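Student: Could you show me how to read a model like this one, feature by feature, with the general idea before the particular case?

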Amino acid sequence: MGAAISSDWRDNYGRGSVVQRPSGLLQLLAIQVLFEYGREGSSRPPVTAALLAANTLVFLRPTALAGILPSLSRAAFNPYLILQYGDWTRFFLSPFYHLNEAHLFFNMTSLLWKGIQLEPSMGSVEFATMVASLVGLSQGMTLLLSKCLLQFGEIDSYYHHNAVGFSGVLFGMKVVLNAMSDDFVYLHGMVIPAKYATWAELFLIQSLIPDTSFIGHLGGILAGLVYLWLKRSFSAPNPLTFLISSAAKVVSWPLRFAQRLLRSVRSQGRGRIGRRARETPRGIWRCSTCTYDNTLATDICEMCSTVREDLAFSQRQNHQAGGNRELPVEEVRRRRLERFGR
């Protein structure tokens, strides 16, 4: 969410009659990104860069994407259209749309500042899944709040409200960032306890810029709180990782069962290395060197000439006492030929 869309502006934009004049803010954003990623010692978080690029490309709508991306009027978040007609494209795409350069600039500057702090500390994979979780949670919370206001407060303005922007996700990221910060944070020159900073920013932005989507920002804060609660409740790094790992376990269960079954069948075969002694059939002894199964008629392995283990100790004792029960090499060869020539 982030910015509300008036009906006149939305209709003109949908017909393509609105021409936005360059204000230089995109160039300033590019300079900030290049400075942050180009300075020595920068962590250069890749997921943050991908999010910056995705939001900017959706806003610029290059020719290659113009035929794929829906117009802003067809992608704006609208609870009524989503619930009444199942238009879930609005649910998933609206965070990546912005009204103008100023809207995009301030949101992407905030994303850059939060991303370079969160992604290196969390890791790119966990950061990416956190952003995906916050997108779904913030949109879902906004949808739920709009429906509740309609049912209990008879306030239908939010239910038919159109909004776009990444700021709902940014408010969720702010909640996560404050949870990792010190006890106090700075907010526009004021020192505020970290746990209240996001709420103070919510009302401050709404008072300074009344056209912003209050319910969208509130949904982002609630999404961040729910995310932190789920993260503490489960052992997985984040809720999305927990869901993915659970689904993977369910899907891979038949394969794991087949692998265990195959291993148990193979353990019944001959010559398996490391098989226990009680699994060896009667009348057979297994060579400890090559695992070949020999008959009890011979005390020397017919494959590698290793002496049977239970006789090795007694043979060593006899050898120390002057006895020598080892067979000559010719006798071993003769017995081996006789064994395999039958």
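Tutor: What follows goes from the overall fold to the cores, then to the pocket, and then to some individual residues.

Student: How many helices and strands does the secondary structure of the protein come to?

Tutor: Bear in mind that this is a predicted model. The secondary structure comes to 15 helices and six strands, and of the 342 residues of the protein, 37% count as buried.

Student: Which residues of the largest nonpolar core touch the most other members?

Tutor: The general idea is that nonpolar side chains tend to be buried together in soluble globular proteins. Here the largest nonpolar core has 33 residues, and those that touch the most other members are Leu111, Leu118, Phe127, Met130, Val131 and Met173. Two or more residues of this core come from each of helix 2 (25-38), helix 3 (46-60), helix 8 (101-122), helix 9 (124-152), helix 10 (167-180) and helix 12 (214-233). Apart from it lies another core, of eight residues, including Val58, Leu69, Leu72 and Leu99.

Student: What does Met173 touch, if residues up to four places away in sequence are not counted?

Tutor: With those sequence neighbours set aside, Met173 touches Leu111, Lys114, Gly115, Leu118, Phe127, Met130 and Leu134.

Student: Is Leu52 buried or exposed?

Tutor: Leu52, which has its place in helix 3, counts as buried because its relative accessible area is 6%, and the cut-off for buried is under 20%. Leaving aside neighbours within four places in sequence, Leu52 is in contact with Val33, Met108, Leu111 and Leu112.

Student: What volume does the largest pocket have, and which residues are the closest to its centre?

Tutor: The general idea is that rolling a probe the size of a water molecule over the atoms shows where empty space is left. In this model the largest pocket has a volume of about 990 Å³. Of the 35 residues that line the largest pocket, Phe106, Asn107, Ser110, Glu201 and Ile205 are the closest to its centre. The elements that give two or more residues to this lining are strand 1 (3-4), helix 8, helix 10, strand 3 (184-187) and helix 11 (194-208).

Student: Which element gives the most to that lining, and how is the lining made up by class?

Tutor: Helix 8 gives the most, with ten residues. By class, the lining has 17 nonpolar, 14 polar and four charged residues.

Student: Is Phe106 buried or exposed?

Tutor: Phe106, whose place is in helix 8, counts as exposed because its relative accessibility is 56%, and the cut-off for exposed is over 50%. The C-alpha atoms of Phe106 and Leu25 are separated by 9.2 Å, although these residues are 81 apart along the chain.

Student: Which side chain has a polar contact with that of His217, and where is His217 placed?

Tutor: His217 has its place in helix 12 and is buried, with a relative accessible area of 3%. A polar contact of 3.0 Å joins the side chain of His217 to that of Ser167. A second case is Ser73, in helix 5 (residues 72-75), whose side chain makes a polar contact with the side chain of Ser71 (3.1 Å). Ser73 is likewise buried, with a relative accessible area of 18%.

Student: What should I note about phi of Arg44 and phi of Arg61?

Tutor: Phi of Arg44 is near 50°, a positive value in a residue other than glycine, and phi of Arg61 is also near 50°. Arg44 is found in the loop between helix 2 and helix 3, whereas Arg61 has its place in the loop between helix 3 and helix 4 (63-66). Arg44 counts as partly exposed at 42% relative accessibility, and Arg61 counts as partly exposed at 24%.

Terms used:
Residues are numbered from 1 along each chain as its sequence is written. This is a predicted model: local features need pLDDT of at least 70, side-chain atom pairs count only at pLDDT 80 or more; totals for chains, interfaces and linings use all residues. Side-chain values use heavy atoms; hydrogens and water are left out. A nonpolar core is a set of buried Ala, Val, Leu, Ile, Met, Phe, Trp, Tyr and Cys residues joined through side-chain atoms within 4.5 Å. Buried means under 20% relative accessible area, exposed over 50%, partly exposed in between (1.4 Å probe, protein chains only). Helices (H or I, at least four residues) and strands (E, at least two) are DSSP runs, numbered from the N terminus. Contact means heavy atoms within 4.5 Å. A polar contact is a pair of N or O atoms within 3.5 Å; within protein, one must be able to donate a hydrogen and the other to accept it, and residues adjacent in sequence count only if both atoms are side-chain atoms. On a 1 Å grid over the protein atoms alone, a cavity is a set of points where a 1.4 Å probe fits but cannot get out, and a pocket is an open set with protein on both sides within 12 Å along at least five of seven lines; lining residues have an atom within 4 Å of a point. Grid points are joined across faces, edges and corners, and a volume is the space filled by probe spheres set on the points. Ala, Val, Leu, Ile, Met, Phe, Trp, Tyr, Cys and Pro count as nonpolar, Asp, Glu, Lys and Arg as charged, and the others, Gly among them, as polar.
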